[in-house]
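Hi,

Here is the structure I promised to pass on.

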Protein chains: 2
Amino acid sequence: EPEVPEDGRSLVFADLTPEELAQVVRYLRGSLGVPLVDASRAKPSDNCIASVDVQLPAKAEVLRFLDAGGDRPPREALAVLYFGDQADPNVTEYVVGPLPVPTYHRDVTVQKYGGKVPYHRRPTLAVEYEQIAGFFKSRVFPAAPSFMRQVMEYDGTSLAAVTAAPRGFQSGDRATWYILFQNVSGFFLHPVGLEVLVDHGSLDMGQWAVSRVFYNGQYYRDMAQLESAYVQGRISVEKVRRVPPDGDFSSMRPRAPWATTFPLQYEPQGPRYSLRKNHVAFQAWSFAFGMSVKTGLRLLDIRYKGERVVYELSVQEALSVYGSNCPGGMSTRYMDGSFGIGRYSSPLVRGVDCPYLASYVDVHYLAHSQEVRTIKNALCVFEQNLGSPLRRHFSNLQSLYYGGLVNSALVLRSVTTVGNYDYIWDFIFYQNGAIEAKVQATGYTSSSFFHGDGLRYGNRVGEHTLGTIHTHSVNYKVDLDVGGVKNSLVAHDMAFEMARAPWNPEQQIERPRLTKRVLDTEDQAAFRLQSKIPRYIYFAANSKNKWGHQRGYRIQIVSFAGDHVPEASSMERAISWARYKLAVTRRKEEEPTSTSVYNQNDPWTPTIVFADFIDNETITNEDLVAWISVGFLHVPHAEDIPNTVTVGNSVGFFLRPYNYFDEDPSVDSPDSIYFSSE
Amino acid sequence: EPEVPEDGRSLVFADLTPEELAQVVRYLRGSLGVPLVDASRAKPSDNCIASVDVQLPAKAEVLRFLDAGGDRPPREALAVLYFGDQADPNVTEYVVGPLPVPTYHRDVTVQKYGGKVPYHRRPTLAVEYEQIAGFFKSRVFPAAPSFMRQVMEYDGTSLAAVTAAPRGFQSGDRATWYILFQNVSGFFLHPVGLEVLVDHGSLDMGQWAVSRVFYNGQYYRDMAQLESAYVQGRISVEKVRRVPPDGDFSSMRPRAPWATTFPLQYEPQGPRYSLRKNHVAFQAWSFAFGMSVKTGLRLLDIRYKGERVVYELSVQEALSVYGSNCPGGMSTRYMDGSFGIGRYSSPLVRGVDCPYLASYVDVHYLAHSQEVRTIKNALCVFEQNLGSPLRRHFSNLQSLYYGGLVNSALVLRSVTTVGNYDYIWDFIFYQNGAIEAKVQATGYTSSSFFHGDGLRYGNRVGEHTLGTIHTHSVNYKVDLDVGGVKNSLVAHDMAFEMARAPWNPEQQIERPRLTKRVLDTEDQAAFRLQSKIPRYIYFAANSKNKWGHQRGYRIQIVSFAGDHVPEASSMERAISWARYKLAVTRRKEEEPTSTSVYNQNDPWTPTIVFADFIDNETITNEDLVAWISVGFLHVPHAEDIPNTVTVGNSVGFFLRPYNYFDEDPSVDSPDSIYFSSE
Ligand SMILES: [Ca+2]
Ligand SMILES: [Ca+2]
Ligand SMILES: [Ca+2]
Ligand SMILES: [Ca+2]
Ligand SMILES: [Cu+2]
Ligand SMILES: [Cu+2]
């Protein structure tokens with residue numbers, strides 16, 4: 001039975017319900033005094049509601065409510081408006097409240113970002129991609145009719161276009177390379193050699209234009225130039241055989257007949273966790289969860305035995321930086337938050353994505369449309385017997401006995417499919433008081449058309465397919481509150497001291513000793529990717545455990561990260577969170593996230609610069625947040641076809657009690673096994 | 001159904017059967033022409049058979065047999081004899097064969113070690129520990145009667161002694177610190193403050209002597225001096241309250257009543273692997289296994305689709321280096337192989353150590369006795385559904401479909417309990433052709449009596465208990481044979497190149513590119529703990545895959561290792577394998593292991609020096625071996641009581657196909673799931 005009764009207080013963290021989302025839309029349509037077009041149909045020159053998500057109350061307010069008997073904070077929404085139909089087109093963010101029946105909206109844009117958000121920074125709406133697809137069909141392809149028919153064998157539907165991002169070289173640019181693929185299952189692996197740079201910066205779609213064309217290693221001014229070169233026989237054609245609709249080698253259709261069934265897990269006496277609305281309890285653990293349209297899964301108010309350990313544990317961003325000898329590939333630095341890590345949550349398939357017996361939760365969101373959308377089974381919760389001991393000891397010395405405990409843990413999972421990639425986000429709660437955050441990468445790898453010096457940028461994985469080298473970097477926010485909100489950051493490590501053996505002073509002993517250091521400023525607490533990090537680094541409370549040690553929670557990072565981008569890059573500040581494997585800053589209500597969705601389309605004037613959070617403030621006895629980046633270098637190889645596997649492509653971190661308790665709390669688990677010879 | 005039929009050929013790698021072990025003992029007793037005392041009763045001045053284990057045939061012979069239709073190699077044993085009853089006491093190793101009825105024995109000591117093995121290097125037999133326990137009881141404790149009775153409350157059985165190791169400062173020393181604990185369940189956590197240095201180097205046990213005594217921070221010449229200081233009231237007594245037999249805080253008896261049962265795994269249609277004698281087959285995988293008395297679990301002839309990938313994958317050593325302000329702790333550098341990683345295999349408990357449904361295998365060994373001993377259920381084999389996808393993709397773009405595969409893998413496991421610690425050794429076979437080796441640490445942590453400046457060496461975890469800082473380092477031998485025995489070692493990584501955008505030469509792009517390097521000498525292929533290692537490093541075959549890439553298997557290491565010991569240390573060469581996270585050497589029949597069981601008791605003149613394997617030989621197109629060291633720094637803390645947990649204390653490595661196949665071989669798995677909107 002869960003130890004922490006749920007009384008609805010965790011609803012303070014709840015995502016907006018479909019009804020609430022609809023109310024906000026209704027309110028905005030009636031209150032803004034400007035024409036609003038449905039975002040699913042809006043032109044760039046229209047106004048529309050780009051997204052509505054919950055606006056979580058300030059932490060101080062929430063803590064007053066949860067811990068000090070204060071009032072329940074009003075329930076509010078954050079609405080993002082694209083104002084294309086204004087003299088000064090811009091993006092405006094409103095806080096709308098109180099729900100369920102809003103009566104006010106407050107423009108928070110300047111307060112949040114120190115100024116207006118220029119319109120060119122706006123994340124690309126689904127409808128803009130449709131408009132670009134229309135532009136391809138009506139104006140790009142028709143400009144090279146012979147080439148498209150004879151070389152591409154284009155029939156009006158046989159090509160799929162994948163967007164690169166960012167979209168240019170300087171603020172204000174909105175010129176995107178599109179990479180063309182055969183429109184089959186797993187098209188990401190079927191490049192046809194054609195890439196087109198589309199300038200879609202104008203609010204007048206009639207002004208959209210092709211800025212450059214790439215085919216099989218050569219650049220052309222536009223499609224007409226490509227066509228004429230082709231017609232004159234001046235281009236080197238590398239014709240790609242059309243593959244069947246299932247994609248041939250990119251297909252995921254089973255090739256072997258279904259045989260005996262793999263092992264399955266069952267719960268002899270039913271589930272041992274409770275899941276009520278946005279609240280989960282499992283043994284001594286409890287937490288609330290939510291799904292941000294932009295940043296994805298977040299956990300709030302994580303408690304062990306009723307005592308809060310983490311206020312917020314949330315995904316912030318997923319970044320991939322690519323290399324290639326094709327223009328789309330070489331300009332790609334995807335910041336998935338801008339596409340919507342939560343919005344692209346995938347429905348989870350029972351028995352594969354999560355165990356059959358898992359509990360599944362739907363997610364509702366409003367983005368890129370004024371209709372509420374529902375993702376069925378977007379989250380799952382389950383207990384997993386990991387098949388090995390959490391701890392065990394077999395005594396074969398003075399007496400014969402055995403004690404142990406299987407490692408059975410609670411998992412909360414979602415999967416994001418942003419285009420080609422699938423990220424599996426796990427948060428795991430162990431019986432010893434540890435929490436693990438883990439992300440595994442799978443799905444299709446990106447590819448470029450194989451030509452020329454392609455092998456400088458990856459491995460060939462198909463006749464015409466270059467699996468392009470790239471990084472994966474993921475950022476998490478971890479607002480640990482260890483024994484209260486005021487914490488310090490302490491580092492423990494080992495050093496050897498040369499000592500004389502006390503009983504034999506001619507003899508030297510190289511003796512390991514414990515080194516201890518309080519990291520008292522943000523600058524000391526920012527660890528660059530390539531730097532050494534103390535092997536034990538923990539959030540320390542003011543209070544002490546039974547043995548006089550500061551109660552703490554340790555951060556242990558598992559990562560194989562490649563470098564993010566050189567700091568000299570004109571866009572580096574937009575992704576400066578990726579400089580650091582760990583950075584601990586003073587928590588600020590005005591530094592809620594490590595990046596902004598506006599950074600993708602204008603990384604040259606980033607709306608949020610994480611590196612600026614690190615301004616050498618003291619961080620002793622303060623409310624602190626850890627920002628953790630993990631990742632790996634991915635050089636796609638034959639075995640990434642059809643999909644990257646999760647084995648070895650798993651990174652994350654542990655939050656582990658370090659003198660937080662007086663002993664391992666799993667001693668209180670009902671799962672203990674013990675027997676002795678007596 | 002397993003793809004590789006087993007025809008008994010893998011018995012070439014089999015451990016000796018109880019009958020074979022008995023035959024070797026019978027043969028030796030009849031053939032050596034010297035009196036042999038049973039090792040379980042032998043005095044240091046006796047001759048005895050210390051151990052008998054299988055002597056695996058040379059690789060060339062095995063390959064002739066397995067791959068070239070050659071004869072089955074003769075079956076042989078390796079017998080280790082302690083000759084204490086000789087003019088020049090020594091350890092001699094004999095190869096004895098052929099089994100089942102031996103007719104010859106061959107002294108291989110000089111051939112293996114370049115000289116005789118001096119007697120003082122011999123690993124300590126169980127009987128020697130018993131003899132030392134007798135020495136304590138009859139001669140140490142009686143020398144301080146009042147102290148023992150009044151301070152220690154010693155009643156003849158109420159104390160347990162734990163050995164430190166190594167045993168001195170220079171070759172020939174055999175003087176060991178013994179740390180005394182209350183003899184209760186989990187005594188490792190109940191130091192009483194008394195430690196005794198026993199010189200047991202003499203072959204005449206009557207000459208054994210106490211060299212020094214430590215009590216509560218002070219050193220004494222011997223027990224008599226301690227007694228007299230005590231009687232005269234000149235020592236600071238820190239009396240430890242006696243705990244009940246269950247050890248109180250060190251007890252693993254459950255505190256909570258058994259409640260609902262945790263999730264369990266079942267096999268709807270029975271096991272999908274086959275286990276016959278020492279051979280396992282699972283889908284495309286097959287391998288043989290064995291248990292070395294000294295080094296523990298080993299896997300041999302690992303094949304995927306019938307093609308050998310690894311000739312040998314074996315545990316080599318587990319090392320722990322401790323710091324403390326007590327003499328036993330500060331002199332401890334345990335090399336578990338000397339104690340016997342295989343010999344201390346633990347019986348596995350169904351449902352905790354391995355899943356209920358696992359298959360269990362007994363292990364038979366002969367060591368420290370002339371009787372064969374059996375460890376029931378010392379190995380387990382099972383398939384584990386890991387509860388997350390091996391790969392998956394949900395397409396929400398051009399068409400709606402889903403494909404995926406649950407990550408269900410085969411596990412081979414054993415657990416070693418050497419004294420306080422339990423190491424869980426896993427070898428995991430994934431459906432994508434990857435192998436994982438993983439070791440998790442649990443069991444009791446070592447401790448010192450808390451006094452003085454103890455907090456320089458760890459955390460206090462009990463009234464009188466200091467959890468002492470230490471390292472864990474584990475070494476593996478990985479004899480990959482990728483597409484044949486001749487391999488090269490290749491490193492791939494990423495570097496940024498500054499390029500002009502081809503379509504816009506004023507603009508700079510920082511472009512990731514693939515760097516490639518053949519590491520052609522052993523020196524280039526030796527990566528020290530603190531050094532950078534290329535992110536992709538792989539064994540490359542001469543053959544190529546379908547896309548023209550050298551077929552390869554990549555090594556990916558997961559480790560949080562602390563430094564081993566300073567290289568200036570007089571014993572460093574004995575554990576020089578721990579200098580390197582990865583070292584690749586030319587395989588040599590005469591370099592079968594990275595260390596020797598004789599290194600523990602004479603690390604100052606090590607019998608095997610791993611660092612000497614690295615002598616800059618070229619390693620292109622040779623039979624290569626990777627030696628991998630993984631580990632972590634352990635600063636025990638309150639939550640290590642009663643036992644260290646496995647969460648976060650797990651290290652190891654992956655062997656992953658890298659262009660070895662033409663595509664991910666899991667496409668042939670019968671577990672694939674696929675559905676689409678069509
Ligand atoms: Ca700051
Ligand atoms: Ca905090
Ligand atoms: Ca060599
Ligand atoms: Ca080899
Ligand atoms: Cu990737
Ligand atoms: Cu340890």
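A definition to start with: a residue is called buried under 20% relative accessible area, exposed over 50% and partly exposed in between, using a 1.4 Å probe on the protein chains only. By that rule Phe613(B) is buried, with a relative accessible area of 6%.

Now the housekeeping. This is a predicted model, so local features need pLDDT of at least 70 and side-chain atom pairs count only at pLDDT 80 or more, while totals for chains, interfaces and linings use all residues. Residues are numbered from 1 along each chain as its sequence is written, chains are lettered from A and ligands numbered from 1 in the order in which they are written, and side-chain values use heavy atoms, with hydrogens and water left out.

**How the two chains sit together**

Chain A goes onto chain B by a rotation of 180° with 0.0 Å of shift along the axis, at an RMSD of 0.0 Å (least squares on the C-alpha atoms of residues with pLDDT of at least 70 in both copies). That is how a two-fold axis relates its copies. Gln265(A) has the C-alpha nearest the axis in chain A, 2.1 Å from it.

Counting contact as heavy atoms within 4.5 Å, the interface takes 172 residues from chain A and 172 residues from chain B. The copies meet through the same surface, because 100% of the interface residues of chain A are also interface residues in chain B.

About 14900 Å² is buried between the chains, and carbon and sulfur atoms give 59% of that. Buried area here is the accessible area (1.4 Å probe) that the two parts lose on being put together, summed over both. On the chain A side, Phe169(A), Arg392(A) and Trp503(A) lose the most area to chain B, together 6% of what that side buries.

**Polar links across the interface**

There are 91 residue pairs in polar contact between chain A and chain B, both residues at pLDDT 80 or more. A polar contact is a pair of N or O atoms within 3.5 Å; within protein, one must be able to donate a hydrogen and the other to accept it, and residues adjacent in sequence count only if both atoms are side-chain atoms. Strand S19 (residues 373-396) of chain A supplies the largest share of the side of chain A that touches chain B, 14 residues. Strands (E, at least two residues) and helices (H or I, at least four) are DSSP runs numbered from the N terminus.

The count between the chains is 10 salt bridges, a salt bridge being a side-chain nitrogen of Lys or Arg within 4 Å of a carboxyl oxygen of Asp or Glu. Glu663(B) is in the loop between strand S34 (650-658) and strand S35 (673-676) of chain B, and Arg255(A) is in the loop between helix H6 (223-231) and strand S11 (264-266) of chain A. Glu663(B) is partly exposed at 22% relative accessibility, and Arg255(A) is partly exposed at 42%. Glu663(A) and Arg255(B) also form a salt bridge, at 2.8 Å.

**Calcium sites in chain B**

Donors are N, O and S atoms within 2.8 Å of the metal (3.2 Å for Na, K and Ca), and water is not among the atoms, so sites may look incomplete.

- Glu617(B) is buried at 17% relative accessibility.
- Ligand 4, also a calcium ion, is coordinated by Asp479(B) (OD), Leu480(B) (O), Asp481(B) (OD), Asp623(B) (OD) and Leu624(B) (O), at 2.3 to 2.5 Å. Asp481(B) is in the loop between strands S26 (470-480) and S27 (486-501) and Leu624(B) in strand S33 (residues 622-634), so the pair ties together parts 143 residues apart in sequence.

**Salt bridges within a chain**

Over all chains there are 90 salt bridges. Among them, Glu383(A) pairs with Arg272(A) at 2.7 Å; Glu383(A) is buried at 1% relative accessibility, and Arg272(A) is buried at 10%.

Cheers
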